[in-house]
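Thanks for coming, everyone. Let me put the model up, and then I'll walk you through a few spots in it.

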Amino acid sequence: MKTKKHFSDLSRFELCLWITSVAVIILSFIISGGGNIMTMIASLIGVTALIFVAKGYVLGQVLTVVFAVFYGIVSFYFHYYGEMITYLGMTSPCAIASVISWLCHPYAGTKEVKVNKLNGKLWILLILLTLAITFSFYFILSAIGNANILFSTFSVATSFIASYLTFFRSPYYALGYVANDIVLIVLWTMATFEKISYLPMIACFIMFLINDLYGFYNWQKMKKKQSELTK
C-alpha cells in the first residue's frame, strides 16, 4: 500500500483540505504550549485517515486503526474512559473489520470501495444495537466514574452508528461521524478549560467535522458515478 501514490490521487481541493487540517492542528499545539505530544500525533493521524476515508480508500481505515489507539491513550489520561473503551474496544476492531470489508468490495478493480445501499433489515439492526449499546455503556461508565458521562454516552452511540455504517460501506457513515464530532468538540472543550494542552483535540474534531461533511458529499458523488457506470 504505497502511501505516496495515495497522496498523488488527492484532488487539489482534497490536498488543500488536508494541508489546512494539518496546519490548524499544529498551530493549536503551538498555542497550547506544546504540552501533550500524543494529542497532536493522534490528531494528525486522524485527519489524514479521514481524507482517504472520504475517497473510499482502504488506507483510510488502516490509519483509523492507528488513530483509535493513540486517541484511546489520550482519553485515558483525562479519565474519559468511555472514549478509551469506545475507540480501543469498538472503533479499532470495527476499523479492522472495515479494512477486510472494503478490500473484499473494491469498485471495478480500483482503490475506491464499492458504495453500498443498506436494506431495511440492516437499518432495524442498527437501531436495536445502538439502543442496547448506549443503554449498557451508560451504566458501565457510571460505575467506573467517567468524566462528563452524558456527552460520553452520546459519543459511544454516535461512534457505533458511524462504525456500523462504515463497515457496510454506506455514505451515511459520514453523518454518523459528524454527530460524533459535535459531541467530541463539546467533550474536549470541557477538558481544555481544565488543561490547555488539550486544545489540539478541539482543533482536531473541528477539522474532523469539516472532513466528514466533505466525506458525505464525496461518497454521494461516488454513489452516483458508480450507479451510472453499472447501468
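So, Lys 225 and Glu 112: their side chains meet in a salt bridge, 3.1 Å from N to O. By salt bridge I mean a side-chain nitrogen of Lys or Arg within 4 Å of a carboxyl oxygen of Asp or Glu. Lys 225 sits in helix 9, Glu 112 is in the loop between helix 5 and helix 6, and the two are 113 residues apart, so this pair links distant parts of the chain. Helices here are DSSP runs (H or I, at least four residues), numbered from the N terminus, and strands would be E runs of at least two. Lys 225 counts as partly exposed, at 36% relative accessibility, while Glu 112 counts as buried at 12%. The cut-offs are under 20% relative accessible area for buried, over 50% for exposed, and partly exposed in between, with a 1.4 Å probe and protein chains only.

Quick housekeeping before I go on. This is a predicted model, so local features need pLDDT of at least 70 and side-chain atom pairs count only at pLDDT 80 or more, while totals for chains, interfaces and linings use all residues. Residues are numbered from 1 along each chain as its sequence is written, and side-chain values use heavy atoms, with hydrogens and water left out.

Back to charges: how many salt bridges does the rule give? The count comes to 3. Another one pairs Glu 14 with Lys 55, with the closest N and O atoms 3.1 Å apart. Glu 14 is in helix 2 and Lys 55 is in the loop between helix 3 and helix 4, so the pair ties together parts 41 residues apart in sequence.

Lys 111 is in the loop between helix 5 and helix 6, Asp 9 is in the loop between helix 1 and helix 2, and they are 102 residues apart. Lys 111 is partly exposed at 36%, and Asp 9 counts as partly exposed at 22%.

Now the helix packing. Helix 2 (residues 12-31) and helix 3 (residues 37-54) pack at about 170°, with axes 10 Å apart. The axes are lines fitted to C-alpha atoms, for helices over the stretch in contact, and angles run from 0 to 180 degrees between N-to-C directions. Helix 2 and helix 3 are therefore roughly antiparallel; that label needs an angle over 145 degrees, whereas under 35 is roughly parallel, 65 to 115 roughly perpendicular, and the rest oblique. Glu 14 turns up again in this contact, on the helix 2 side. Contact means heavy atoms within 4.5 Å.

Helix 3 also meets helix 9 (residues 199-229): their axes come within 8 Å and cross at roughly 5°. That makes helix 3 roughly parallel to helix 9.

Have a look at Ser 43, in helix 3. Ser 43 is buried, at 0% relative accessible area. Leaving out residues up to four places away in sequence, Ser 43 touches Ile 25, Pro 200, Met 201, Cys 204 and Phe 208.
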